Amino acid sequence: MFHSLAIKNIQKETTEAVSIEFEVPSSLKEDFQFLSGQFLTLKTEIGGNEVRRSYSICSSPKSGILKVVVKQVENGVFSTYANSTLKNNDTIEVGVPAGGFVVNTEADNKKNYTLIAAGSGITPVISIAKTILEDEPNSSVNLFYGNKTASQTIFKTELEELSKEYNNRLNFHLLFSAEKGDSRFHSGRIEGRKIKKIFKEFAPISNTNEVFICGPQEMTEAIRDFLIKKHKYPVNQIHFELFTTTLKKTKSNSKSNKSSLVTATIDGETFEFTVKPGETILDAGTKNGVDIPFSCQGGVCGACKCIKGEGELTMDNNIVLSDDEVASGQYLACQSKVKSESVKISFDF
Ligand SMILES: Cc1cc2nc3c(=O)[nH]c(=O)nc-3n(C[C@H](O)[C@H](O)[C@H](O)COP(=O)(O)OP(=O)(O)OC[C@H]3O[C@@H](n4cnc5c(N)ncnc54)[C@H](O)[C@@H]3O)c2cc1C
Ligand code: FES
């Protein structure tokens, strides 16, 4: 569900990133309560087209602030608009907080968390770090954060201050790939040997209770492979969020050239529309004026999650649904194609 929110404060964080703080009226405070790590979907019209993009909330729930950071992507439609056009008091449609890349804190926990972020991937991670430090006085955080240069590092000063404030509970490491860092370890990308060093020297695996990763797909996969394949680290103790994926859509393997009928329930209302072979449910629904929720259209954000009733579906890319969710019949409408004559799905669950 989207609400119109005014921009309370938009400011440059680096030369290529702006933070946007929203004004949340008291009537909407409950709708915009969030867990650290969740994201907002922003919706607006740019050049006559509706554009939706997701942005992780970088503030902590206890701060009472709702803030995101948008990093400029080369030729990016929304990130260019946010970095060059949006200003204080502009209003924008904002979806309620969503996403499962979250930390569930408990005051009695005594855990060691390892957080690894690169570039704009710091946005959910800084929120998660703050929440752990605020909520769990006996837990500690190892934070590894990679960027090209110091000047491109979002929240550099804030993280350095946080590290002073929490002294022995936050071990913060900044790594630069396009300039020299504090040591050999702190110079270069987070890959190969550095991943090994992180989990051997700085944050030994045997001592690590949970790992949170947000950055490029290559880095995320390298860390997951190292932990899961090489060290049999429990999959459910690794949490990750991808902002974009390089996976491609697969061609339909349906032999039929007949359209299928989709019956979809959204917010208690039922809609019927047809979908062509090879067409996704999201594309067909949107074309037919059905307001299916979506954001990334790449299988990474989960905004289009639905549950299947009768009928058969296939799914292309799935980064966000867990094995358990898939086993329970959940699908991503942006990635799902219909294999049977008809299918029933629901977005209300
Ligand atoms: C759950 C989630 C949370 C996100 N949180 C944040 C956040 O906190 N801050 C943030 O800045 N972005 C975040 N993103 C990414 C954001 O949603 C947009 O994808 C990004 O801002 C680019 O949008 P655009 O309209 O400018 O680019 P588009 O016009 O969509 O794309 C332009 C070109 O850039 C490429 N591209 C798209 N996204 C990226 C990217 N992230 N990195 C490199 N190349 C890209 C595309 O392949 C395309 O070629 C998040 C995405 C998801 C799914
Ligand atoms: S719209 Fe993001 S997973 Fe489908």
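Author: In this predicted model, the centres of domain 1 and domain 3, taken over C-alpha atoms, are separated by 27 Å.

Reader: Where are the bounds of these domains in the protein chain?

Author: The domain assignment gives 2–95 for domain 1, 112–241 for domain 2 and 260–346 for domain 3.

Reader: How many residues of domain 1 are in contact with domain 3?

Author: Four residues of domain 1 are in contact with five residues of domain 3. E4 supplies the largest share of the domain 1 side, three residues. By class, that side has two polar and two charged residues, and no nonpolar ones.

Reader: Turning to the sheet, in what order do the strands lie?

Author: The order is E4-E3-E6-E1-E2-E5, an open sheet of six strands with antiparallel pairing. E4 and E5 are the edge strands, each pairing on one side only. From one strand to the next, the twist averages 40°.

Reader: How many bridges join E2 and E5?

Author: E2, residues 17–23, pairs with E5 over six bridges in the antiparallel sense. Ile 20, for instance, has Val 68 in E5 as its bridge partner.

Reader: Which strands does H1 lie across?

Author: H1 lies across E2, E3, E4 and E5, and runs at about 110° to E5.

Reader: Now the ligand. Which residues come nearest to ligand 1?

Author: Of the 24 residues around ligand 1, the nearest are Lys 71, Gly 76, Phe 78, Ser 79 and Thr 123. Strands E4 and E5 and helix H1 each give two or more residues to this shell. By class, the shell has twelve nonpolar, nine polar and three charged residues.

Key. Residues are numbered from 1 along each chain as its sequence is written. Chains are lettered from A and ligands numbered from 1 in the order in which they are written. This is a predicted model: local features need pLDDT of at least 70, side-chain atom pairs count only at pLDDT 80 or more; totals for chains, interfaces and linings use all residues. A residue is near a molecule or strand if its C-beta atom, placed from the backbone, lies within 6 Å of it. Helices (H or I, at least four residues) and strands (E, at least two) are DSSP runs, numbered from the N terminus. Ala, Val, Leu, Ile, Met, Phe, Trp, Tyr, Cys and Pro count as nonpolar, Asp, Glu, Lys and Arg as charged, and the others, Gly among them, as polar. Two strands pair if DSSP finds at least two bridges between them. Axes are lines fitted to C-alpha atoms, for helices over the stretch in contact, and angles run from 0 to 180 degrees between N-to-C directions. Two residues are in contact if their C-beta atoms, placed from the backbone, lie within 7 Å. Domain bounds come from an automatic or database domain assignment.
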